[in-house]
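Student: I have a model open and would like to go through its packing. Can we take it question by question?

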Amino acid sequence: MNRNSIRSGARSADVQAALGYNGSGADPDMRVLVVEDEALLAGQLADALRQGGYVVDCAADGERAEFLGQTEQYDAVLLDLGLPRLDGLTVLRRWRDAGLAMPVIILTARDSWHEKVQGIDGGADDYMAKPFRMEELLARLRGVIRRAAGQVTPSLRAGAVCLDPRLSKVTLDGTPVKLTSHEFRVLSYLMHHSGRVVSQGELTEHIYSQTFDRDSNTVEVFIARLRRKLGASFIETVRGLGYRIGADA
Ligand code: CA
């Protein structure tokens with residue numbers, strides 16, 4: 001199989017096998033917006049990201065992308081530049097003008113230097129020229145998410161709790177703690193935003209894709225379970241505002 005297989009009609013599992021995806025390298029808790037008007041490629045990207053544990057939304061045109069970026073919370077965006085209705089560079093500039101700081105990786109079929117320069121000048125954090133290897137894209141995605149969280153090392157630490165986003169592992173005083181995927185998402189989000197209050201709504205936005213049924217009460221359930229596993233005082237409740245980890249950080 002060659003590097004172009006992601007753009008062929010190959011099935012997603014075949015594509016991932018061909019691209020060397022091993023299922024253990026992605027942040028398992030992050031919410032990503034995929035903006036791509038080529039339906040086949042968008043579907044393959046979404047499949048690969050979901051199998052890597054990301055929560056994924058898709059937009060097939062620039063107006064939809066701008067809307068979702070303005071109204072939903074994303075940990076990163078993959079943004080195609082050539083889009084119907086509104087081009088990717090304009091979408092990116094409008095997001096940045098609106099003060100939205102989520103990391104953005106631009107995707108372009110045209111491997112032209114001036115598009116990359118325009119993209120970076122327009123506020124992109126990284127770029128990928130199509131066709132690309134899914135492995136490389138996932139690595140760059142992890143990189144921009146980590147840098148956005150102000151983390152230079154892959155592991156996140158808060159008190160006695162250590163979380164490895166790449167391996168989906170959590171330890172308490174060095175002892176592994178078993179978490180469900182939703183518990184892990186909640187914990188990881190709080191730890192990525194250590195020191196600040198995160199509202200229940202924001203957590204709900206983050207752990208469920210927009211197409212899923214949302215019930216904010218479940219966040220309380222996950223918090224309760226996390227406290228049982230990690231210690232009652234590890235996650236602080238800030239009355240009327242939300243939850244916080246590492247207030248002293
Ligand atoms: Ca396009």
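Student: How are helix 3 and helix 4 oriented to each other, roughly parallel or oblique?

Tutor: This is a predicted model. The axes of helix 3 (residues 62-71) and helix 4 (residues 88-97) come within 9 Å and cross at roughly 20 degrees. Angles under 35 degrees count as roughly parallel. Helix 3 and helix 4 are therefore placed as roughly parallel.

Student: Which residues of helix 4 make the contact with helix 3?

Tutor: Helix 3 passes helix 4 in a right-handed crossing. On the helix 3 side the contact uses Gly62, Ala65, Glu66 and Gly69. By class, the contact of helix 3 with helix 4 has three nonpolar, four polar and two charged residues. The helix 4 side consists of Gly88, Thr90, Val91, Arg94 and Trp95.

Student: Is helix 7 oblique or parallel to helix 8?

Tutor: Helix 7 (residues 181-192) packs against helix 8 (residues 200-207) with axes 10 Å apart, at an angle of about 125 degrees. That angle makes the arrangement of helix 7 to helix 8 oblique.

Student: How many nonpolar residues does the contact of helix 7 with helix 8 have?

Tutor: From helix 7, the residues involved are His182, Arg185, Val186 and Tyr189. They meet Leu203, His206 and Ile207 in helix 8. Two residues of this contact are polar and one is charged, while the number of nonpolar residues is four.

Student: Why is strand 1 largely enclosed by the rest of the structure?

Tutor: In a regular strand the side chains alternate between the two faces of the sheet. Both faces of strand 1 are covered, with Arg31, Leu33 and Val35 on one side and Val32 and Val34 on the other. Strand 1 (residues 31-35) is largely enclosed because its buried residues number five of five.

Student: Which residue of strand 2 stands opposite Leu33?

Tutor: Strand 1 pairs with strand 2 (residues 55-59) in the parallel sense, over five bridges. Within strand 2, the residue opposite Leu33 is Asp57.

Student: What percentage of the residues in the protein is buried?

Tutor: The protein has nine helices and 11 strands. Among contacts with a separation of 6 or more, 61% are between residues 24 or more positions apart. Of the 249 residues in the protein, the buried share is 36%.

Technical notes. Residues numbered from 1 in each chain as written. Predicted model: local features only at pLDDT ≥ 70, side-chain atom pairs only at ≥ 80, totals over all residues. Axes fitted to C-alpha atoms, helices over the stretch in contact; angles between N-to-C directions. Helix = DSSP H or I, 4+ residues; strand = E, 2+ residues; numbered from the N terminus. Parallel < 35°, antiparallel > 145°, perpendicular 65-115°, else oblique. Left-handed = near helix turned anticlockwise from the far one by under 90°. Contact = placed C-beta atoms within 7 Å. Nonpolar A, V, L, I, M, F, W, Y, C, P; charged D, E, K, R; others polar. Buried ≥ 20, exposed ≤ 12 C-beta atoms within 10 Å, placed from the backbone. Pairing = 2+ DSSP bridges.
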